[in-house]
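Subject: Structure handover

Hello,

Here is the structure for you to look at. My notes on it follow below.

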Amino acid sequence: MKNSKEIILKINGRNEKITVPSHRTLLEALRETGHVEVKCGCEKGDCGACAVLVDNVAIDSCLTLAWTSEGKEITTISGLGTPDEPHPLQAAFRDLGAAQCGFCTPGMIIAAQGVINDNPAPTDDEIRMGLSGNLCRCTGYAKILDAVGHAASEMRKNGEPS
Amino acid sequence: MSTIVNLDDSVPNVNYRQVGKPLPRTDAAGKVFGKTPYAGDYQMPGMLHMRVVRADIASAELTHLDVEKARALAGVVEIITAADLPDRMAATDIPGQTGQKRMDTDQQVLVRKRVKYFGEPIALIAAETPDIANRAAELVAFTLKPIPGVYDPIEAMKPGAPIVQGKDNVVATHKIKKGDAAAGLAAADIVIENTYKTPFQEHAFLEPEVGLAWIDENEVINIRVCTQVIEHFRAIADAVGVPHNKVRIRGALVGGGFGGKEDVTVEIYLALMAKRTLRPVRLEYTREDSLVGHGKRHPFTLTYKTGLTKDGKICGLDVQIIADSGAYVFLSPYVLLYGAVNAPGPYKVENLNVFAQAVATNNMFTSAFRGFGGMQSCAAYEQQMDECAKALGMDRIEFRRLNYLNTGDEISTGFVPPSAIWTEKCVDLAWKNLGGELALKKDGPIKIGRGVAAYQQSYGRLTFLHDTSEAWVGVEIDGTVIVRSGVTDIGAGQVSALGQIAVEILGVSLEDVIIYNSDSAVTPLAGTTTATRALYMTGNATKMAAEAVRKRLVARAAKSFGVEPDVVDLGGSRAFVIDNPETSMEFIDLVKLCASDGIHRSELVNFKAPFSDYLDPETGQGQAHPDYVYGAHAIEVSVDTDTGEVRVLRSVAVHDIGQCINRAAVEGQIEGGTQNGQGFALSEEMLYEEGKLVTPSFSEYLMPTSMDMPRVEISLLESRSGLGPFGAKGIGEPAISPVAPAIANAIADAIGVRVFEMPITPERVVNALKGAVGQM
Ligand code: FES
Ligand code: FES
């Protein structure tokens with residue numbers, strides 16, 4: 001396709017080559033390269049389902065162009081942890097019932113990591129503020145707030161790098 | 001975190017090992033590690049990408065349609081229009097699993113001539129890439145000649161109104177008559193009359209509709225899709241013109257439903273295109289497609305005329321309901337029936353008249369939504385109860401107490417619910433937990449107020465639909481357990497609960513079970529995940545299947561132990577003699593013995609709900625539902641009287657859920673239902689101008705965010721009287737019903753005037769306050 005070029009995206013620590021046109025969003029590029037754990041809820045920056053970390057900052061991948069993401073560290077929910085080595089946020093979301101339909105969960109956990117990166121000891125209100133761009137229609141946010149608060153304190157205890 | 005409140009009459013008769021515990025659900029790990037595939041995550045080699053071209057006027061005639069330019073675009077593979085489907089129609093009201101006769105409500109699959117609502121599909125495009133499909137959609141040329149439409153159900157009933165459906169736009173009428181309402185009202189000391197209004201509400205599940213279809217080697221059309229109802233394979237087959245066994249729905253875990261994935265969404269378009277192109281095809285709705293593509297919650301206008309005696313008894317009630325069904329019928333008659341049956345709420349009304357109509361307009365069609373008509377009635381009857389108490393000068397809790405239905409009482413249809421009616425316990429506890437009436441509303445512009453609402457909400461489908469559900473439970477030779485059932489999981493843990501039930505009965509643990517679900521060809525059909533029925537129906541089927549297997553295992557163990565089967569129990573992955581647990585064997589060894597003896601280690605069960613005839617058409621008397629749930633919600637708000645802004649400060653829920661199966665899942669339903677109810681009360685409204693949606697995104701349609709939701713303080717009562725497994729009732733829909741009227745009552749308490757129309761926006765609050773000042 002004209003106006004396309006090959007770019008290299010560093011996703012969860014691995015370099016992946018993809019040929020995309022200039023208008024392709026990072027969300028589309030991620031899903032095209034098989035990273036379907038990143039969800040699409042609106043493509044307009046309204047829901048947060050597509051959140052990924054780019055150089056440790058949580059962003060809506062639907063509002064970011066793939067071309068501008070070259071050379072940066074992109075982390076999706078799958079890059080945070082695995083069932084054998086769960087990230088504290090994943091363990092807390094799993095054990096505290098914070099995922100219902102689960103469609104908001106990948107973006108929500110990433111946004112929560114973004115909050116903790118900024119502020120390792122967030123108050124309940126700071127967590128609420130930090131997650132306010134991530135919609136969830138199932139949980140009323142209660143168990144999500146519990147899980148994020150719990151994970152943040154676990155991470156402080158373990159002295160995990162923020 | 002909830003507390004389970006043990007009332008004297010609810011002492012457990014069994015000590016459950018798995019049931020009632022806040023266990024992580026079987027689906028939780030997949031979701032938090034990004035491993036759960038949703039319907040939109042599946043791809044196939046060579047698949048095509050679809051787009052739907054939609055009408056941009058709500059009432060019009062399609063006078064010209066030209067797809068040739070679009071077809072000529074390189075990479076466009078197929079375009080389907082109504083001309084390609086001369087005799088194809090799609091059902092809109094589908095009782096799912098049952099063989100009951102459908103209503104006569106079929107609609108065109110694509111616009112032939114007449115456009116009846118904004119967004120009605122005109123053409124289907126399939127192309128090699130999504131980009132090409134999008135460009136082709138822009139090249140489809142069509143002309144719509146506007147036809148006068150009607151956008152208000154009351155206007156639509158007037159003589160001479162444009163006709164959208166039938167002869168007079170009335171698509172359903174329900175009457176409920178008990179005693180003599182007119183005489184009751186005439187004899188009343190006071191009559192209170194008010195009209196309440198509720199809005200179009202959007203489900204706003206986070207996962208937009210999506211599916212992938214392909215034709216397999218047996219010429220079966222397979223559709224991987226996010227749906228609440230895999231039984232739609234029949235309606236899809238009818239619409240496409242193939243036998244029922246040539247369509248197979250393979251569900252996936254669903255990214256939220258709330259009733260919005262109860263009707264057919266993308267399936268027929270996918271099936272038609274796969275059949276035409278013989279290639280895999282994928283259709284994913286954008287958020288805007290989703291907002292214009294599926295039905296909304298019916299706006300209701302409810303006029304309550306309540307007759308009261310001086311000492312606070314309801315002596316007569318007349319309720320008139322008008323629901324906007326939009327351009328097509330869909331589930332309107334059923335939604336309206338829920339509204340009518342529940343119109344008096346959990347109160348004893350001996351002289352009752354309910355007259356309810358659903359009316360077609362050129363607005364977006366309306367259909368199922370969590371609460372299903374019962375919620376709209378609750379929004380009205382609980383506000384009306386506060387208005388009545390106020391008029392009588394009575395305490396609003398004491399006024400309710402004089403009128404509650406109690407266990408063993410008849411509801412509006414003359415039916416006596418078989419379970420406990422614990423409204424009084426629930427309201428008292430909710431009000432106590434909130435702290436009761438406020439002595440002081442605070443001076444200054446910010447006022448504080450409190451409110452409470454009770455409800456009656458059914459679980460299980462309308463009994464005249466003759467609902468059934470199937471599940472299969474089997475034990476492998478290594479002692480692991482398999483459950484197979486068609487049930488769809490829309491996020492509430494429907495599937496995980498079946499696993500918990502099976503392992504409770506078989507005495508093993510949740511890690512030992514795998515559940516296969518949601519495949520219309522290979523998992524036994526469980527019926528719809530709607531109507532707060534999944535746990536009740538499929539939970540019972542699973543329990544019965546597990547019990548049948550257990551019985552055979554226990555008999556074999558008893559034989560080895562040389563005792564009678566009734567003294568043998570299964571637990572902790574062992575079989576043992578109850579009074580002599582030393583005499584025991586590992587579950588796995590027992591299963592091996594059964595295998596070598598040829599003992600059948602699996603069972604398929606068909607569970608039947610109570611069946612009834614249709615309600616009496618003149619009086620509405622008879623059985624409508626299997627049973628009902630009762631509970632209450634209490635709310636504290638602050639209202640800024642300068643700006644009209646409302647904040648929900650505290651939210652207290654008390655429900656008699658019968659028996660909790662998974663505590664975290666029950667809490668999750670209540671927390672999520674509270675959120676949706678709060679949005680309905682305060683901010684959510686799909687706005688239409690001449691039928692055209694003017695809120696087509698989440699920046700215009702405003703739902704509660706993490707900033708808006710207080711934690712819900714939850715108490716669960718367990719009457720163990722429900723018809724579900726272990727005495728469970730259900731919580732999916734009950735959770736939402738009382739929230740909005742409790743908020744409305746709290747606002748009225750804070751500011752001293754009532755806003756009769758939801759959502760109670762800042763503008764409406766300010767206007768109500770201005771009106772009140774004007775009247776003084
Ligand atoms: S998909 Fe990116 S914010 Fe909704
Ligand atoms: S869990 Fe369903 S949207 Fe958050």
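I start with the cysteines of chain A. In this predicted model, the cysteine sulfur closest to that of A:Cys40 belongs to A:Cys42, at 6.9 Å, which is too far for a bond. A disulfide would need the two sulfur atoms within 2.5 Å. A:Cys40 counts as buried, at 12% relative accessibility. A:Cys47 is buried too, with a relative accessible area of 1%. Over all chains, the disulfide count is 0.

Next, the interface. Chain B puts 58 residues in contact with 48 residues of chain A. The two chains bury about 4100 Å² between them, and carbon and sulfur atoms give 55% of that area. On the chain B side, the residues that lose the most area to chain A are B:Phe33, B:Leu206 and B:Arg711, which together make up 20% of what that side buries.

The polar part of the interface comes to 28 residue pairs in polar contact between chain B and chain A, counting pairs with both residues at pLDDT 80 or more. Four elements of chain B give two or more residues to the side that touches chain A: helix H1 (28-32), strand S15 (281-284), helix H8 (287-293) and helix H16 (663-682). H16(B) gives the most, with 8 residues. By residue type, that side of chain B divides into 23 nonpolar, 19 polar and 16 charged. The rule also finds 9 salt bridges across the interface. One salt bridge joins the side chains of A:Arg31 and B:Asp41, at 2.8 Å from N to O.

Salt bridges over all chains number 55.

- B:Arg279 and B:Glu128 form a salt bridge whose closest N and O atoms are 2.9 Å apart. B:Arg279 sits in the loop between H7 and S15 of chain B, and B:Glu128 in the loop between strand S8 (121-127) and helix H3 (130-139), so the pair ties together parts that are 151 residues apart in sequence. Both ends count as partly exposed: B:Arg279 at 25% relative accessibility and B:Glu128 at 36%.
- B:Asp467 and B:Arg533 meet through their side chains in a salt bridge of 2.6 Å, N to O. This pair links distant parts of the chain, 66 residues apart: B:Asp467 is in the loop between strand S19 (446-459) and strand S20 (468-475), B:Arg533 in the loop between strand S22 (513-517) and helix H14 (534-561). Both B:Asp467 and B:Arg533 are buried.
- B:Arg764 and B:Glu757 meet in a salt bridge of 3.4 Å, N to O. B:Arg764 is partly exposed at 22% relative accessibility, and B:Glu757 is partly exposed at 29%.

There is also a network: salt bridges with shared partners join B:Glu382, B:Asp386, B:Arg396, B:Arg400, B:Glu437 and B:Asp749.

Last, one helix of chain B. Why is helix H6 (residues 233-240) described as largely enclosed by the rest of the structure? Because 6 of its 8 residues are buried. Those residues of H6(B) are B:Phe233, B:Ala235, B:Ile236, B:Ala237, B:Ala239 and B:Val240. They pack against strand S5 (89-90), strand S13 (221-225), strand S14 (247-250) and helix H7 (267-277) of chain B. After H6(B) comes B:Gly241, with a positive phi near 90°.

Regards

Terms used. Residues numbered from 1 in each chain as written. Chains lettered and ligands numbered in written order. Predicted model: local features only at pLDDT ≥ 70, side-chain atom pairs only at ≥ 80, totals over all residues. Heavy atoms only, no water. Contact = heavy atoms within 4.5 Å. Buried area = accessible area lost by both parts, 1.4 Å probe. Salt bridge = Lys/Arg side-chain N within 4 Å of Asp/Glu carboxyl O. Polar contact = N/O pair within 3.5 Å; in protein donor to acceptor, adjacent residues only side chain to side chain. Nonpolar A, V, L, I, M, F, W, Y, C, P; charged D, E, K, R; others polar. Buried < 20%, exposed > 50% of the residue type's maximum accessible area, 1.4 Å probe, protein only.
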